[in-house]
Amino acid sequence: MSLALAGCAGDRTGGGAGGGEDEAGGIIGVSMPTQQSERWIADGDNVQSQLEDLGYEVDLQFANDDIPTQVSQIENMISSGAEALIIASIDGTTLTDVLQQAADAGIPVIAYDRLINGTENVDYYTTFDNFQVGVQQATSLLIGMGVFDENGERTDLAGPLNVELFAGSPDDNNAGFFFNGAMSVIQPLIDDGTLVVPSGQVDFEQVAILRWLPETAQERMENILTIIGDTQIDGVLSPYDGLSIGIISALTSGGYSTDALPTITGQDAEVGSVKSIIAGEQYSTIFKDTRLLAEQAVAMVDALQNGEEPEVNDTETYDNTVKIVPSFLLESTIVTVDNYEDVLIGSGYYTAEELG
């Protein structure tokens, strides 16, 4: 998978709305959804540092999961002369008007990890293969429960085993891809009786957690424990590490010991959850190397600033209801206690001290 920065050797002409001819670099607006997740802080830092390494000035803003704040910040980026925008949206359906302002000013827009919906004014999208992330989450859940072996092949364990399902925020386009990918693996096992969902809550609308809030996941898990009574849970599909922490808190408060928790999945390889994996609490997480995601977004901006066509590898999947957005999809990795040292420390993403 090529991640070369397109056009790095050429002179920039500041081709966007804010740049003058022959002006090196230029202002790039970077809008991130929140600083409440270490993942988004890392994304913002990675994008900013890589843009600055190429000579750009960066206007990085975090919106604290408040949609009007994000809209206002993007409006200010436009009026301040941004030549391109990299946007990780809070709600991918709420930026139509402000992106029309960007289009009117000739400013290209890169959707970062979360697809921006309902507008033609998003030029490119870079993310991970989000359906495959969901497949990996479900696969790791089933490996942890013994339904699949370490190679992802079906074992002779017949069940029934009890699982509960969680999904991400319904206003985040990725949440549906994660859930659909996971259910493509899980649903056949529900249908054949290997897996049972004691709460009966299996639809996306029933299991989604608005804004990906850990406290909301904790409350829902507590409610499930009340509903199912003494029924033992063997596994929990969690699409994000922050939710996993809330789920674990509910389970331990509900009588589960930390050394006998259900198999619990996650995503983003956040420090707290990796430590939880090492401690034998959370079973797995999905590692998405945001350094590479930032690199691809920066490559797209740099190509556009040099009058070149950004590299994409998917022109069919991501329909934002108005257009198919040309996309670049990156790969992700299942992380467990067995491989976290090789994947996370070996790649330099974390140091051993950070996870100690």
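Student: Which elements do the buried residues of α9 pack against?

Tutor: This is a predicted model, and in it helix α9 covers residues 271-278, where V271, S273, V274, S276 and I277 are buried. An α-helix has 3.6 residues a turn, so residues three or four places apart point the same way. The buried residues of α9 pack against α1 (38-53), α8, β10 (285-287), β12 (333-335), α11 (340-345) and α12 (352-355).

Student: What is the phi of G280, the residue that follows α9?

Tutor: After helix α9, which spans residues 271-278, the chain comes to G280. The phi of G280 is positive, near 85 degrees.

Student: How do the rings of F178 and W212 pair, stacked or edge-to-face?

Tutor: A search of the whole structure finds seven aromatic pairs, and F178 with W212 is one of them, the ring centres lying 6.2 Å apart. Planes over 60 degrees apart count as edge-to-face. Because the planes of F178 and W212 stand at 70 degrees, the pair is edge-to-face.

Student: How many residues apart are F178 and W212?

Tutor: F178 belongs to helix α5 (residues 173-191), whereas W212 lies in the loop between α6 (204-207) and α7 (214-228). The pair therefore links distant parts of the chain, with F178 and W212 separated by 34 residues.

Student: Is W212 buried or exposed, and what is the angle between the planes of W212 and Y240?

Tutor: A residue counts as buried under 20% relative accessible area, and W212, at 11%, is buried. Y240 is also buried, with a relative accessible area of 11%, and sits in the loop between β8 (235-237) and α8 (241-253). The ring centres of W212 and Y240 are 5.9 Å apart, and the pair is edge-to-face because the angle between their planes is 85 degrees.

Student: Which ring does the charged end of R220 sit over?

Tutor: Charged ends sit over rings at places that include R39, whose charged end is 4.0 Å from the centre of the ring of W40. For R220, the distance from its charged end to the ring centre is 4.5 Å, and the ring belongs to F166.

Student: What is the radius of gyration of the protein chain?

Tutor: The protein chain holds 12 helices and 12 strands, and buried residues make up 54% of its 356 residues. For 356 residues the globule rule gives 21 Å, and the chain's value is close to this, so the chain is as compact as a globular protein of that length. The radius of gyration is 21 Å.

Note on methods
Residues are numbered from 1 along each chain as its sequence is written. This is a predicted model: local features need pLDDT of at least 70, side-chain atom pairs count only at pLDDT 80 or more; totals for chains, interfaces and linings use all residues. Side-chain values use heavy atoms; hydrogens and water are left out. Rings of Phe, Tyr and Trp (its six-membered ring) pair if their centres lie within 6.5 Å; planes under 30 degrees apart count as stacked, over 60 as edge-to-face and the rest as tilted. Helices (H or I, at least four residues) and strands (E, at least two) are DSSP runs, numbered from the N terminus. Buried means under 20% relative accessible area, exposed over 50%, partly exposed in between (1.4 Å probe, protein chains only). A charge sits over a ring if NZ of Lys or CZ of Arg is within 6 Å of the ring centre and within 35 degrees of the ring normal. Contact means heavy atoms within 4.5 Å. The radius of gyration is taken over C-alpha atoms; the globule rule is 2.2 Å times the number of residues to the power 0.38.
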